[in-house]
Amino acid sequence: MTVLGGAEAAFVPKSAAAAALDPKRYDAVVIGGGISGLTAAYFLTESSKTVLLLEKEPELGGLAFGGATHEGVKYDRGTAYWTDAYDEERRLLEKLGLEG
């Protein structure tokens, strides 16, 4: 899987533009490296697909990733807790080695 991106919404790496123009290079292009984009890319690669994942932020995770103020105060941007997982979520967590 290839991940390309940057911290600025207007940032477009030249390599990403060239890769997106070559339809033979990737089977799928996933826009966004949040939990849904990462899940989609994971399952596509598990199905032997070549995936280009595009993310505008310097880190993956979307709202599940935290941040910090200029003063260094850390904060969460997303969900504060997990509820009981649905069967599909539990199977994914087990497959990723995150549930035991």
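Buried here means under 20% relative accessible area, exposed means over 50%, and partly exposed sits in between (1.4 Å probe, protein chains only). This is a predicted model, where local features need pLDDT of at least 70, side-chain atom pairs count only at pLDDT 80 or more, and totals for chains, interfaces and linings use all residues. Residues are numbered from 1 along each chain as its sequence is written, and side-chain values use heavy atoms, leaving out hydrogens and water.

View 1. Helix 2 runs over residues 35–46; helices (H or I, at least four residues) and strands (E, at least two) are DSSP runs numbered from the N terminus. G37, A41 and Y42 are the buried residues of helix 2. They cover an arc of only 135 degrees around the axis, which puts them on the same side of helix 2; the arc is that of the directions from the helix axis to the C-beta atoms. Turned away from that buried side are the exposed residues I35 and S36.

**View 2. The salt bridge between K95 and E46.** A salt bridge is a side-chain nitrogen of Lys or Arg within 4 Å of a carboxyl oxygen of Asp or Glu. K95 and E46 make one at 3.5 Å, N to O. K95 belongs to helix 3 and E46 to helix 2, so the pair ties together parts that are 49 residues apart in sequence. E46 is partly exposed at 46% relative accessible area, and K95 is partly exposed at 48%.

**View 3. The salt bridge between K56 and E57.** Here the closest N and O atoms are 2.9 Å apart. K56 is partly exposed, at 43% relative accessible area, and E57 is partly exposed at 24%.

Definitions and conventions
Expected span 1.5 Å × (residues − 1).
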